Amino acid sequence: MYRTDIGVIGLAVMGRSIALNMADHGFKVGGYNRSRQVTERLIEEHPHENLVPFYELKELVASQERPRKFLIMVKAGKPVDLVIDQLSPLLDAGDMILDGGNSFFEDTRRREQQLREKGIYYFGTGISGGEKGARFGPSIMPGGDEAAYAHIAPILETIAAKAKGEPCCAYMGPDGAGHYVKMVHNGIEYADMQLIAEAYLLLKYAGGFSNEELADMFARWNQGKLKSYLIGITADIFREEDDFQDGQLIDYILDSAGQKGTGRWTSLESLKQGVNVSLITAACNARIMSNRIEKRKLAKELIPEPKGISAPEKAVMKELVEQGLYTAKITAYAQGFELLAHASKEYGWNLRYGRIAAIFRAGCIIQAEFLEDITKAFEKNPELDNLMLDSFFLDGIRKGQESLREALCIGIKNGIPLPAMSQAAAYIDAFRGVPAGANLIQAQRDCFGAHTYERIDRDGIFHHDWGQDHE
Ligand code: 6PG
């Protein structure tokens with residue numbers, strides 16, 4: 001009879017990669033997939049002494065000592081419920097199920113509660129880093145019962161990426177906390193990617209930079225304060241030759257991007273919480289607009305291009321975009337972390353933001369040099385209201401906002417869509433408390449609906465008889 005330490009259910013790309021990662025680290029892994037061929041193919045292509053195939057769930061269950069541990073790696077949604085329905089009747093109290101997909105956190109909360117009633121521990125476990133991360137070290141965000149976490153910590157923290165020797169995996173909080181943090185991670189990922197895409201548009205269409213120049217520039221940026229996984233892969237992308245024609249692949253890729261939903265969830269959730277994550281929403285909308293391929297072609301004929309202005313010389317343009325991108329990036333992370341702070345209070349999770357930033361330092365898609373500074377900011381002040389109020393990031397905003405604004409002017413004058421960068425500037429202005437125009441909004445609401453208004457010179461709620469008849 002085989003003895004295993006953990007079962008991985010679902011052996012598609014992510015499941016198989018994480019199973020092999022565990023096996024490499026000396027854990028005995030039982031692999032199971034609904035369709036037998038997937039398991040057989042995995043064993044054929046990647047035979048591993050620590051990876052044992054199973055074709056019956058009950059045999060997989062029988063291969064472990066209690067408390068048993070299972071990591072579900074199937075598509076988010078119904079498939080997760082189906083696996084739980086098949087697996088849970090075979091389990092005993094104290095056993096543990098981890099969901100490693102991008103499940104919606106409300107589903108995770110529901111499942112956690114249902115399984116808790118049966119004595120089974122359920123961990124919504126965010127896993128970031130794509131296929132390579134899963135295989136060689138992802139960033140892992142587990143949420144569930146804190147005491148039970150001790151049983152899975154040795155496996156998860158061993159297979160996770162390491163940043164300065166520390167595992168990029170830590171207990172996040174109860175019930176849906178892990179999946180919530182992963183959702184916000186993805187929201188920030190959307191914003192980060194959109195900002196980079198806007199920097200690309202500015203440099204290419206206003207600045208006239210070639211792919212080669214862009215590749216060199218991004219590679220250099222990746223040595224400085226913008227250093228991050230996304231900047232690094234972007235530098236490589238600009239260099240990649242096309243498979244079919246002369247030139248770089250980037251110029252042959254359709255200008256339309258899909259989304260699977262985590263960014264949209266972040267945006268919807270922010271509206272529910274009353275937190276402004278406008279850069280994430282802008283990134284979702286940018287993808288939506290990009291999908292209107294035919295309509296965009298048509299409208300291009302109808303709406304003339306603006307007259308445009310010439311961009312400054314390349315060295316200046318490069319500097320403006322770098323500083324502008326960095327400044328906007330600060331606002332995107334500030335918004336994401338503010339949403340986490342709000343959710344933590346709302347759901348009673350006691351999220352530790354410094355710890356979250358620390359596990360984002362390696363393994364995940366948004367890993368970046370300045371996550372180190374985010375960790376430091378929350379270490380200095382665990383209750384920090386907004387990252388932009390930390391002295392390090394405040395300094396970044398002070399130094400970079402002029403460049404951001406200038407880059408925006410060049411883009412807007414030349415008809416280059418910069419929705420996320422524009423939101424960054426708008427957010428900074430709203431944040432720093434310049435007149436918001438809300439006095440007029442109050443007046444309008446009171447005028448048309450007697451919604452009352454507040455004053456600057458005295459306390460209380462007022463209604464004015466506007467005395468106008470508006471037909
Ligand atoms: C990660 C990623 C990953 C996500 C992809 C695609 O952290 O490894 O966030 O979980 O699925 O980035 O997401 P979209 O298809 O929504 O862009």
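1. Is D99 buried or exposed in this predicted model? D99 has 0% relative accessibility and therefore counts as buried; buried means under 20% relative accessible area, exposed over 50%, and partly exposed in between, with a 1.4 Å probe and protein chains only. D99 is part of strand β5, residues 96-99. Helices (H or I, at least four residues) and strands (E, at least two) are DSSP runs, numbered from the N terminus.

2. Some ground rules for reading the points below. The model is predicted, and local features need pLDDT of at least 70, while side-chain atom pairs count only at pLDDT 80 or more, and totals for chains, interfaces and linings use all residues. Residues are numbered from 1 along each chain as its sequence is written, and side-chain values use heavy atoms, with hydrogens and water left out.

3. The side chain of D99 has two partners to look at. One of its polar atoms is 3.0 Å from the backbone nitrogen of G101. The side chains of D99 and Y122 are joined by a polar contact of 3.4 Å. A polar contact is a pair of N or O atoms within 3.5 Å; within protein, one must be able to donate a hydrogen and the other to accept it, and residues adjacent in sequence count only if both atoms are side-chain atoms.

4. Next, the ligand. There are 14 residues around the ligand, and S128, K182, E189, Y190 and R287 come nearest. A residue is near a molecule or strand if one of its heavy atoms lies within 4 Å of it. By class, the shell has two nonpolar, eight polar and four charged residues. In this scheme Ala, Val, Leu, Ile, Met, Phe, Trp, Tyr, Cys and Pro count as nonpolar, Asp, Glu, Lys and Arg as charged, and the others, Gly among them, as polar.

5. Which parts of the chain supply this shell? Helix α8 (residues 177-206) gives the largest share, five residues. Domain 1 (6-175) and domain 2 (182-432) each supply at least three residues of the shell. The domain bounds come from an automatic or database domain assignment.

6. For Y190, an N or O atom of the side chain is 2.5 Å from an oxygen atom of the ligand. For E189, an N or O atom of the side chain is 2.6 Å from a ligand oxygen atom. For G130, a backbone N or O atom is 3.1 Å from an oxygen atom of the ligand. On its own the ligand has 420 Å² of accessible area, and the protein covers 79% of this. Accessible areas come from the Shrake-Rupley method with a 1.4 Å probe; for residues, only the protein chains shown count as cover.

7. The largest nonpolar core has 88 residues, and Y180, Y333, F337, F360 and I374 have the most contacts inside it. A nonpolar core is a set of buried Ala, Val, Leu, Ile, Met, Phe, Trp, Tyr and Cys residues joined through side-chain atoms within 4.5 Å. Helix α14 (residues 314-347) gives the most to this core, 16 residues. Why does the core lie between domain 1 (6-175) and domain 2 (182-432)? It lies there because both domains give residues to it.

8. I397 is in helix α17, residues 391-413, and counts as buried because its relative accessible area is 7%. The C-alpha atoms of I397 and T331 are 8.6 Å apart in space, while the two residues are 66 apart in sequence. P417 is in the loop between α17 and α18 (419-431), and is exposed, with a relative accessible area of 52%. From P417 to L201 there are 216 residues in sequence and 8.3 Å in space, C-alpha to C-alpha.

9. Backbone geometry deserves a check. Most residues other than glycine have a negative phi, and most peptide bonds are trans. R66 and P67 are joined by a cis peptide bond, with omega about -5 degrees; P67 is in the loop between α3 (57-62) and β4 (69-72). N350, which is not a glycine, has a positive phi near 55 degrees. N350 is in the loop between α14 and α15 (353-359), and is exposed at 55% relative accessible area.

10. Last, the segment after α19 (438-449) holds T452. T452 is not a glycine, yet has a positive phi of about 70 degrees. T452 is partly exposed, with a relative accessible area of 26%.
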